[in-house]
Amino acid sequence: MSAALPLLLATASADDGASTLLVHGQPLPVVLVVIGLLLVATLAIRRFSVRLGTPAILGVLLFGLLVPERYALFHPTTIANMHTVGLSMLLFYAGLQTRLRTIRGFLEYGLALAIGGVVLSSLLLGLMIWAALTMTPSGIEAGQGPIPLAVAMLIAACLGSTDAGATLSVLEQVRDRMPSRLRHLLEFESSLNDPSAILFLGVVLGLVSKTGVAPDRLLLEEARLFIQNIGSGVLIGVVLGYVCRFCLNRLVQLREQLLLFSLAFAAIAYGASTILGGSGFLSAYVTGLFLANHTYANPEISPVALRDVLAPFNTLMEVLIFLVFGLATSLTQLLPVIPIGVLVALAMMLVARPLSVLAFQPLSPFSLRESLLVAWCGLRGAVPLALALEMLHQIPSVIGLGPGVAETLAGKVEGIVFTVVVINLLLQGLSLPWVCRSLGLSGDALGGPAPAAPLP
């Protein structure tokens, strides 16, 4: 270190304070100052949001939107890469939060909600989006015709999953008013349905972007790829889980090493599975799930310790996803589609999500009142935003869209997803305590295991 510091200083001096190094057209020192100020501002926004009783990530999202566009220093490719990395880390952490012992007795129901609920709610929402935008074409078109059904399904696929971070944050506000078993179900469902939504979006993208293939063959091919992604992702995740457990027992000696270890294997899980043709996001989740449900030789190493050391980094990833999405969204593009976004949000909260939950009520060990609360707890957050940015790059490949139409739709779709997430977090986040009281629910006397620390 002592030898490296003079070399670093000498290099900086020769480079005139490194001011010639540019990032997206701006000097590096300016970029670092702006990024630092943005992150500090998110702390103030978080404190203000918590006082209002809303998820702090909502404040971060709105703050990013209000920042002048000249401070949006990230290239679109950089934003896409940041969201991919952040999403893989969020899913790894979601796996760490999934404790199988807390969901005994309703594992099948949780799986049905996390997988079947995502598919059903996405299909219902896609049809309602298409119908609403077809009846009001001026809200989405620019003289080129109404929105295609394929694009409506893409929007719905992005909004299909609930968000673990937002859900845990809001559940902490009503911890004393909700039975512990119901809270564990919501934690499990919100963690597992993220990979389900990602895989479903991949299937939709494949169906709407391939030409020259018969519909039946195309459907079979996408089904094969879907099964391959799930099978390979789970298999690689389990194998890496065993490797991680071995390394934790043999290589890790200090608690301080757990953060580096966790980040390394989360990255390996995503990268290895993607290279081998599986779902990298599912593999990252399964690896975290494996680690969360095993014991280790070193008494200082436990699933709780892994969650604790990774929680700050996970918080940073979630904040960055919300902040960068807000920075990447243009206020001028957002304003014209706010009415459409409000309609989509209401359709999702009042129709698609409740129906997708009640459809699996025969499998549920919970009462109808508890299922209604589950339906109202479908908060959207970082994952839908990250998927929306990924989907924007795919819209030009949708069959039948010209370049001009695709560009127009991409801007409108971004505004719709943004509006839906804001309305969803605001309404459901603020109303959840009132809904618990109205349904007559209360916490059980014995409570349950304390949940992991909520994300902001």
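How many of the residues of α11 are buried? I counted 13 of the 13 as buried (under 20% relative accessible area; exposed is over 50%, partly exposed in between; 1.4 Å probe, protein chains only), so α11 is largely enclosed by the rest of the structure.

**Basis.** I note that this is a predicted model, in which local features need pLDDT of at least 70, side-chain atom pairs count only at pLDDT 80 or more, and totals for chains, interfaces and linings use all residues. Residues are numbered from 1 along each chain as its sequence is written, and side-chain values use heavy atoms, with hydrogens and water left out.

**Helix α11.** I took helices as DSSP runs of H or I with at least four residues, and strands as runs of E with at least two, numbered from the N terminus. Helix α11 covers residues 280-292, and its end C-alpha atoms are 18 Å apart.

**Salt bridge.** I searched for a side-chain nitrogen of Lys or Arg within 4 Å of a carboxyl oxygen of Asp or Glu, and the count came to 1 salt bridge. It joins R353 to E189 at 2.8 Å, N to O. R353 lies in α14 (residues 338-358) and E189 in α8 (residues 180-209), so the pair ties together parts that are 164 residues apart in sequence.

**Helix α14.** I found 21 residues reaching 29 Å from first C-alpha to last, close to the 30 Å expected. A kink of about 40 degrees is centred on M348, the bend being the angle between axes fitted to the seven residues ending at a residue and the seven starting there. M348 is itself among the buried residues of α14, which also include I340, V344 and R353.

**Helix α12.** I looked up residues 303-328 for comparison: these 26 residues reach 36 Å, close to the 38 Å expected. Here a kink of about 45 degrees lies at A311, shortly before the proline P312.

**Packing of α14 and α15.** I recorded that the axes of α14 and α15 (residues 368-376) come within 9 Å and cross at roughly 130 degrees. That makes α14 oblique to α15, given that under 35 degrees counts as roughly parallel, over 145 as roughly antiparallel, 65 to 115 as roughly perpendicular and the rest as oblique.

**L331.** I placed L331 in α13 (residues 331-334) and noted it as partly exposed, at 36% relative accessibility. L331 and G415 are 8.5 Å apart, C-alpha to C-alpha, and 84 residues apart in sequence.

Conventions. Expected span 1.5 Å × (residues − 1). Axes fitted to C-alpha atoms, helices over the stretch in contact; angles between N-to-C directions.
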